[in-house]
Amino acid sequence: MDRTDETRSIDATTLRGSLRENVSLSELTTYQIGGSARFLYAPLDAQDISDFLVWSEREGLRTVTLGLGSNVLFADGLLDLAVIHTPSAMTGMRQLEDDIFEADAGVANA
């Protein structure tokens, strides 16, 4: 995070993506088990994730990223987490070299 991100005034109303509270995580994972996240954030792009991370850090929230939800298990109950859910927005993939690719967090493995 660079110095400009630290000084930006970010609050929940300036985030561009979708921020929801007390969202069931079981519906977002392959095994369909687990509790609810205090916050679930669906960002629009990488800048949106950066803004959300500034906000969540200021709020003192532990943050995790969830892509397509395979091979992920969440505990039961209400989890004091901010989950960044990326499968619909972060789906870009770029070839950097002949055999090196860069994939966003929402790109499927298949």
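What is the order of the four strands in the open sheet? The order is 1-2-4-3, and the pairing is mixed. Two strands pair if DSSP finds at least two bridges between them.

## Basis of the model

This is a predicted model: local features need pLDDT of at least 70, side-chain atom pairs count only at pLDDT 80 or more, and totals for chains, interfaces and linings use all residues. Residues are numbered from 1 along each chain as its sequence is written, and side-chain values use heavy atoms, with hydrogens and water left out.

## Overall layout

The protein has two helices and six strands. Along the sequence they follow the pattern α-β-β-α-β-β-β-β. Helices (H or I, at least four residues) and strands (E, at least two) are DSSP runs, numbered from the N terminus. The C-alpha trace spans about 45 × 40 × 20 Å along its principal axes.

The protein has 110 residues, and 35% of them count as buried. Buried means under 20% relative accessible area, exposed means over 50%, and partly exposed lies in between (1.4 Å probe, protein chains only). The exposed surface comes to about 6900 Å². Carbon and sulfur atoms supply 47% of that surface. Accessible areas come from the Shrake-Rupley method with a 1.4 Å probe; for residues, only the protein chains shown count as cover.

Contacts also reach along the chain. Among those between residues at least 6 apart in sequence, 52% join residues at least 24 apart. Contact means heavy atoms within 4.5 Å.

The protein carries 8 positive and 18 negative charges. Their mean positions are 6 Å apart. Lys and Arg count as positive and Asp and Glu as negative, while His and the chain ends are not counted. Each charge is placed at NZ of Lys, CZ of Arg, CG of Asp or CD of Glu.

Strand 1 and strand 3 (62–66) stand at the edges. Each has a single partner strand, so one side of each is left without a neighbour in the sheet. Neighbouring strands are turned by 30° against each other on average, direction ignored. Axes are lines fitted to C-alpha atoms, for helices over the stretch in contact, and angles run from 0 to 180 degrees between N-to-C directions.

Strand 1 (18–24) and strand 2 (36–42) pair in the antiparallel sense over six bridges. Here Ser-18 has Ala-42 of strand 2 as its bridge partner. Strand 2 and strand 4 (residues 78–85) pair in the parallel sense over five bridges. Ala-37 stands opposite Leu-79 in strand 4. Phe-39 has Ala-82 as its bridge partner, and Leu-40 has Val-83. Strand 3 and strand 4 also pair in the parallel sense, over five bridges. Thr-63 has Ala-82 in strand 4 as its bridge partner.

Is strand 4 enclosed or open? Six of its eight residues are buried, so strand 4 is largely enclosed by the rest of the structure.

Helix 2 (residues 46–58) packs on the sheet. This helix touches strand 1, strand 2, strand 3 and strand 4. Its direction makes about 155° with that of strand 4.

## Pro-43, between strand 2 and helix 2

Pro-43 sits in the loop between strand 2 and helix 2. At 3% relative accessibility, Pro-43 counts as buried. Leaving aside neighbours within four places in sequence, Pro-43 is in contact with Gly-17, Asp-48, Ile-49, Ile-84, His-85, Thr-86 and Ala-89. Ala-103 lies 60 residues from Pro-43 along the chain, and their C-alpha atoms are separated by 16 Å.

Asn-22 lies in strand 1. Its phi is near 50°, a positive value in a residue other than glycine. Asn-22 is partly exposed, with a relative accessible area of 49%.

The loop between strand 1 and strand 2 holds Gln-32. Gln-32 is not a glycine, yet has a positive phi of about 50°. At 57% relative accessibility, Gln-32 counts as exposed.

Thr-30 lies in the loop between strand 1 and strand 2. Not counting residues up to four places away in sequence, Thr-30 touches Gly-69, Ser-70 and Asn-71.
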